[in-house]
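This report describes one protein chain in plain terms. Please look over the sequence and the model before reading on.

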Amino acid sequence: HEFSHISKLDDSGVFSTVHFFSDLPWHVQICAENSERSGHVKTLGVFICCNEDDFSGYWRCESHVLLKLVNQESDDKSITLEIPEGFTSVTPVLGRIGFLDWDEMMCPQEKFVIDDK
């Protein structure tokens, strides 16, 4: 998924469209984090959400997810987050708060963000 208006991200974040895999709704959330959780350094948070609105009881989904921040100049410079554990009704959202330092991500020479996307 490609996100727009990256420079305007805040801690509430934005969500990708929902996609269904194995009859479960999945989406990606990204946010800007600048709190005690990120060591008071502004970072990019990246999360994958599986069936997070299902409160009907306990459920479990075995999965192996790769989230990739694509470097628009060279795929060798892209950054990948591997999430090998499964999702449950207790942990429907997994990811990382400090996925990448904000200034590094926004630096034009790094080629992660071009035209605010």
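## Terms and basis

A residue is called buried when its relative accessible area is under 20%, exposed when that area is over 50%, and partly exposed in between, using a 1.4 Å probe and protein chains only. The model is predicted, so local features need pLDDT of at least 70 and side-chain atom pairs count only at pLDDT 80 or more, while totals for chains, interfaces and linings use all residues. Residues are numbered from 1 along each chain as its sequence is written, and side-chain values use heavy atoms, with hydrogens and water left out.

## Cysteines

A disulfide is a pair of cysteine sulfur atoms within 2.5 Å. By this rule the count is zero. For Cys31, the nearest cysteine sulfur belongs to Cys49 and is 10 Å away. Cys31 has 3% relative accessibility and therefore counts as buried.

Cys49 is also in no disulfide; its nearest cysteine sulfur is that of Cys50, 9.1 Å away. Cys49 counts as buried because its relative accessibility is 1%.

## The annotated region

An unreviewed UniProt entry lists residues 1-117 as "domain: MATH". UniProt positions follow the numbering used here, feature names are shortened, and annotations may be inferred rather than shown by experiment.

Helices (H or I, at least four residues) and strands (E, at least two) are DSSP runs, numbered from the N terminus. Residues 1-117 are 4% helix and 39% strand, and the C-alpha atoms at the ends are 10 Å apart.

## Ser7

Ser7 sits in the segment before strand 1 (14-15). Its relative accessible area is 39%, so Ser7 is partly exposed.

Leaving aside residues up to four places away in sequence, Ser7 touches Trp102, Met106 and Asp116, where contact means heavy atoms within 4.5 Å. Ser7 and Lys117 are 110 residues apart in sequence, yet their C-alpha atoms are 8.7 Å apart in space.
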